[in-house]
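The following exercises are to be worked from the sequence and the coordinates. Each task is followed by a stepwise solution.

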Amino acid sequence: MDRRDALAKMFGAKGVRVNTNRGEAYYEKLRRTMEKRLNELRQTPAATKMDIQKALDAEGLSRRDFMKWASAITAMLMLPASFTPLVAEAAELMNRVPVIWIELQDCAGNSEAILRSDSPTIDELILETIDLEFNETLMAAAGYQAEAHLDEAMKTFKDKYLCVVEGSVPVGVGKEWCTIGAKGETFEEHLLRVAGDSAAVVAVGTCATFGGVPAAAPNPTGAVGVQDIVKGKPIINIPACPANPANITGTIIHFVLTGQIPELDHLNRPKFAFGYRIHDNCERRAHFDAGEFVEEWGDEGAQNNWCLYKMGCKGPMTFNNCSIVRYNSGTNWPIGAGHGCIGCSEPQFWDKYAYERPMADAHIKAPTGGVEKSVDQFGLGLLTAAGVGIAIHAAVSATAGKKDEE
Amino acid sequence: MKAGYKKVKRMTTFMRINHWVVAICMVAAVITGLYIGHPYYQTLIAEPAVDKYVMAWNRWVHLMAAIIFDVSSIVIAYLYFFSRFEKPILKLLPTPKNIVEFFAVFLNLITFNRVKKFDSSHADSFNTVYFLIFHLLLVWMLFTGLQLYVQGLESGHSSIGDWWPALLHWATDWTVAFTGGTNMDVRYWHHMSMYFIIVWVMFHIYYQVWRTIYWQEGDIAIAFGGSKFAKEK
């Protein structure tokens, strides 16, 4: 190890570096792990009759489309191109990985983002072929019947299924208002029970990861994220509002491939998706550097696709891959549509990011609490107070002070 | 020299150069920092296809000022303990002598120089404590500023090597948790602390001018010529 590596190792905090080249030995070992894992999966019976080939045929997509998608996902997962066949194979074996998807305090926006498109992308088709054992939004069963199915799935696939969670967990006063199922389980009990027997927990969307919108001030239900409740299980956070289907697929494929969770940053987000800052890959970045900003909606700058920083874009503080992957199969994303980023993949985003003003105009509570003041108003007040103090001292010095004799 | 006065050296050449470099950096950092926080002038001053880089230049000046500030802070931190001229640390230790001197100088200020019971020919505890507050504010700006800076080096690479962003993460990641848990909180405190520094500067300038007027020892000349005049006992 040379000196630079030694220093980097010594000071390298978790979540620092997105390492895209780990050397041949590493990838060779990884390939063997993956091949072993995929062989094991192939031996197990498919849990659903749906597979990716059928889904592709139904949508009129060719094998070539599928392989193009597989190479894109390989690149997104930061694997060398030679891993593409493995990724494709993993996608074909998706119907052997049981998933239990539970829904807590949320708007079902993440499910909707995956389901509600008139031309589904391959990412979305992949999620259709997974062995989805339980999902409140989609399934026909209700009440005791649904409960019985959940219990059976949990028993059959104990310690093997992925527990996907959508929505925050209310733990404050009144948490008993949020119950689910015929037995009236609270959301917290429901989550702990289902997560308890899972192989890993995937928190999808900002509500499930950090509490999201339900946790915004004054947080009436005491909403928190999954990682605040579930302990002793691997947890993967895929925030954003809604979470990008590409990132959900990528994470699940990674799990199928390796049986392990992907490399995570300090907020337990997969580095392959959240290792980049929106600002640094933004198509409007050049206008930021040039100082060309949209001043109001629909003005000259807006018509010329200038930087949205002055309209409150939070791209400079937000880590996510939307500026690269975009949404709806690369169709567009918020900044492309002319609205700034609201930092939806960061903790406490509703209170601290989601406003249409630059940071310096943020109306965040002053340290004294109570009155809402912007930093600049507070600072100007501080300067005025200091100025007044100085003026009084100067005036009294001039009238009542004693000047030393020469 | 006027009879009854003696010349006393109060700042070395290096200290004076540092003082003015820091002063210029501070003004530059405030002007450009306010622009970065909220671009307050529009750049509709040329045709689009012109090499203007207004924000880029503001950030360049801001970061340059900051790094000079940072290096200066490290040198000053060293001089606190090892200066061959005056070691400020000796005036900061809470010894009975220092505490008495601190309150004697403070009393002089709030009695408008009607009471003056200390030796004004050398650095006093009150002013040294006041400088310490400034240096602590600068260190705080250093940590929060470098955290904001390293957010843009997410590749883990920099022009001077991978050790630099790694070091910055190691040294400054705590500021995110410390200020409230989000990147936005770090920006908020970095911005807020600027006002505390401006307030500090306001009183600093006032106090040095006030001393010059009321003590009649030429204190304001220290920052320029390095010396003042003290009455001989």
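**Exercise 1.** Determine how many residues of chain B are in contact with chain A, and which helices of chain B supply them.

*Solution.* In this predicted model, the contact involves 47 residues of chain B and 49 residues of chain A. Next, assign the chain B side to its elements: H2, helix H6 (163-172) and H8 of chain B each contribute at least two residues to it. H8(B) provides the largest share, 17 residues. Finally, sort the chain B side by residue class: 24 residues are nonpolar, 16 are polar and seven are charged.

**Exercise 2.** Identify the buried residues of H1(B) and the helices against which they pack.

*Solution.* The buried positions of H1(B) are Cys25(B), Met26(B), Ala29(B), Thr32(B), Gly33(B), Tyr35(B) and Ile36(B). Their packing partners are helix H2 (54-82) and helix H8 (183-215) of chain B.

**Exercise 3.** Describe the overall architecture of chain A in terms of secondary structure, extent, burial and contact separation.

*Solution.* Chain A contains 17 helices and nine strands. Its C-alpha trace extends over about 100 × 55 × 50 Å along the principal axes. Of its 406 residues, 44% are buried. Among contacts in chain A with a separation of 6 or more, 72% join residues 24 or more positions apart.

Technical notes
Residues numbered from 1 in each chain as written. Chains lettered and ligands numbered in written order. Predicted model: local features only at pLDDT ≥ 70, side-chain atom pairs only at ≥ 80, totals over all residues. Buried ≥ 20, exposed ≤ 12 C-beta atoms within 10 Å, placed from the backbone. Helix = DSSP H or I, 4+ residues; strand = E, 2+ residues; numbered from the N terminus. Contact = placed C-beta atoms within 7 Å. Nonpolar A, V, L, I, M, F, W, Y, C, P; charged D, E, K, R; others polar.
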